[in-house]
Amino acid sequence: MSLHDDVIEVWKQPGPAKAYYDEVLKQPPLRDVMLGPLRERLGNPNHPALALFPEVTREDLTLPGLDGYDVRVTRFTPPDAVPGVWVYLHGGAWILPTSGKHLAGAKRMATLTNCTAIAVD
């Protein structure tokens, strides 16, 4: 059970604020209301720099997260990649997407290091 589930259980208890909490629980999660539009606007996946280094292959993957939420990653692999993986964490507090600009940087690092790069969204 997550902290969110614990909070919901408390909100369901009888008391003077129950009607208010019942209304709150009908609303979509705040992450969907606020972060969805931000992610759409800021996560331009078609940055022009992504056209550079066409020999590098790109794979968009989804990995299961430990908290039940999926984690999107993009893997860039040069044609003759050496063993090992370079992980790119762009920051952004994991609430905003990896923009095409950040993906292009990871792709460039894969090329310069001749190593597979994983960009975590």
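User: Is threonine 116 buried or exposed?

Analyst: Buried means under 20% relative accessible area, exposed over 50%, and partly exposed in between, with a 1.4 Å probe and protein chains only. Threonine 116 has 11% relative accessibility and therefore counts as buried. This is a predicted model, in which local features need pLDDT of at least 70 and side-chain atom pairs count only at pLDDT 80 or more, while totals for chains, interfaces and linings use all residues. Residues are numbered from 1 along each chain as its sequence is written, and side-chain values use heavy atoms, with hydrogens and water left out.

User: Where is threonine 116 placed, and which residues does threonine 116 touch?

Analyst: Helices (H or I, at least four residues) and strands (E, at least two) are DSSP runs numbered from the N terminus, and threonine 116 belongs to strand S4, residues 115-120. A contact means heavy atoms within 4.5 Å; leaving aside residues up to four places away in sequence, threonine 116 touches Arg75, Phe76, Thr77, Pro78, Ala81, Gly84, Val85 and Trp86.

User: How many salt bridges does the structure hold?

Analyst: Side chains of opposite charge can pair when their charged atoms come close. The criterion for a salt bridge is a side-chain nitrogen of Lys or Arg within 4 Å of a carboxyl oxygen of Asp or Glu, and the structure holds three. One of them joins the side chains of glutamate 59 and arginine 75, at 3.0 Å from N to O. This pair links distant parts of the chain, since glutamate 59 lies in strand S1 (residues 57-64) and arginine 75 in strand S2 (residues 70-77), 16 residues apart. Glutamate 59 is partly exposed at 33% relative accessibility, and arginine 75 is partly exposed at 27%.

User: Which residue forms a salt bridge with glutamate 23?

Analyst: Glutamate 23 pairs with lysine 26, their closest N and O atoms being 3.0 Å apart, and both lie in helix H2 (residues 18-26), three residues apart, about one turn of the helix. Glutamate 23 is partly exposed at 43% relative accessibility, whereas lysine 26 counts as exposed at 61%.

User: Why is the pair of tryptophan 86 and tyrosine 88 called stacked?

Analyst: Rings of Phe, Tyr and Trp (its six-membered ring) pair if their centres lie within 6.5 Å; planes under 30 degrees apart count as stacked, over 60 as edge-to-face and the rest as tilted. The structure holds one aromatic pair. The rings of tryptophan 86 and tyrosine 88 have centres 5.8 Å apart and planes at 15°, so the pair is stacked.
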